[in-house]
Amino acid sequence: MTAARTLQRAGQRVRVLEASAVVGGRVKSREQSGFTLDAGYQVLFEAYPAVQRQLDLSALDLVRIPPSAAIKLGSKEELLGDPRRDPGVIPGLLTASSLTVKDRLLFGRLAASVALVPPHTLLTGPDEPTRAYLKRMGFSDRVLECFFAPFFGGIFLKRDLSTGARLFRYYLRMLLSGPISLPRQGMSVLSEQLASELVSGSAITFNARALKLTPHSRGVSVTTSLGELDAPQVIVATDPPSAARLLGEDLPYGSVSSTYLYYTADAPIDPQFRLLLNPVGGLNNTALINNAQWLSHLIPERAPAGQHLLTVTVLGNPELDDAALDTAVRAELSVWYGVRVSLLRTLAVERIAHAQYPQPPDYAAHLPGHATRWPGVLLAGEITSMSGIQGAMESGEKAAAIVLGDLATMSRPRGA
Ligand SMILES: Cc1cc2nc3c(=O)[nH]c(=O)nc-3n(C[C@H](O)[C@H](O)[C@H](O)COP(=O)(O)OP(=O)(O)OC[C@H]3O[C@@H](n4cnc5c(N)ncnc54)[C@H](O)[C@@H]3O)c2cc1C
């Protein structure tokens, strides 16, 4: 949509084929029994440079998420976070057992090291697994297990800290240098804003799945679920598995999946509004819950009046059916909430097969560019950059820039 909108604004005739009935892909929301559910648990880092360029954030009715977390240690919890923006964590920071005195000092050094350079430069230079990087800095195993693993597990959807340290530092910079937000009405308003000019100009055809591309001397024929279409140029901007199928090419890295359980309650079982982290069992833990949040404490509009919404993130796609998964997650929640777990009603279980793709050290060296094996066909979407909203949007900007011959945008560094 970023590519299409840029091209349309530049006076090009654009047609977007969208396989589903709505815009947004993974950045979307839905209503269920009066609750607003995003696709899984996701947040917007307002500091993403592409977000700053492309979105009118003031029109999204954003609610700021505290840059902090409550580490659940059985029925107790400890607070960690950015004390400048969530002063409520300060007493806990001084006494928490989840980090050592040295960890406290190292947090300051780490934050300063990412704050003082242009963000995109954090994506260059030597790379290593985040775990190795944090150990080399001197962080304790305890803070890795209690904070870094579940917190960044929630961002990269892998809790083993195997993601490249360059990307970790870039995301840390994004976290520290701008608010983390959620639109009051759901993440879909972000996609709807991007798409609004395209929708009003009737440039999007919904329920139109591209099935096959056939390049020819004057352009490309696109076989869609609604019929044939001819275009001088085509940008494939699907999720990476669909792009691989359309282009007949192997795209690197595969998929990271994640699973979400949504619970509702009439009573506020837990007053904690911050992100809840589950450190149980070490880095390679077998606990199902990685993180959770009472979203309705932050955004009451996400639930009907007097009701509450808890979103639980389980990394991967457990080999349990929905009922067994629900039972197992409830057993873990009972460690936090005791018998009050019986007050929770299960609203939905959602499994997302391709939530992101893994981003190990040096992954960027193997990413595909925008060129494909076919003249007239460009690739866009997160797979050309990084798995996330910044990556998807900057990729769209660049694909459009290639069509328009806009050298300044084409040569913008990744992450800038
Ligand atoms: C649970 C979850 C949590 C996340 N959390 C965050 C987060 O906190 N911050 C962040 O930055 N990122 C997060 N992400 C990642 C982010 O959502 C994605 O990186 C981003 O949406 C990728 O955008 P995209 O346009 O490349 O692909 P998609 O969003 O997957 O969009 C692809 C579109 O292509 C359409 N399509 C597919 N095949 C075809 C076809 N053959 N023909 C026509 N249309 C087709 C799809 O219907 C879809 O609309 C999260 C993702 C998930 C799932």
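A nitrogen atom of the ligand lies 3.4 Å from an N or O atom in the side chain of Ser 242, where a polar contact is a pair of N or O atoms within 3.5 Å (within protein, one must be able to donate a hydrogen and the other to accept it, and residues adjacent in sequence count only if both atoms are side-chain atoms). The model is predicted: local features need pLDDT of at least 70 and side-chain atom pairs pLDDT 80 or more, whereas totals for chains, interfaces and linings use all residues. Residues are numbered from 1 along each chain as its sequence is written, and side-chain values use heavy atoms, without hydrogens or water.

**Ligand site**

- An N or O atom in the side chain of Glu 18 is 2.6 Å from an oxygen atom of the ligand.
- Val 43 places a backbone N or O atom 3.1 Å from a ligand oxygen atom.
- On its own the ligand has 1,000 Å² of accessible area, and the protein covers 89% of it (Shrake-Rupley method, 1.4 Å probe).

**Domain 1 and domain 3**

- Domain 1 spans 2-28 + 187-254 + 367-410 and domain 3 spans 255-356, with bounds from an automatic or database domain assignment.
- Their centres, taken over C-alpha atoms, are 34 Å apart.
- Between them, domain 1 and domain 3 bury about 490 Å², 48% of it on carbon and sulfur atoms; this is the accessible area (1.4 Å probe) lost on being put together, summed over both.
- Arg 26, Gly 254 and Ser 387 lose the most area on the domain 1 side, together 68% of what that side buries.
- Two residue pairs are in polar contact across this interface, both at pLDDT 80 or more.

Notes:
Buried area = accessible area lost by both parts, 1.4 Å probe.
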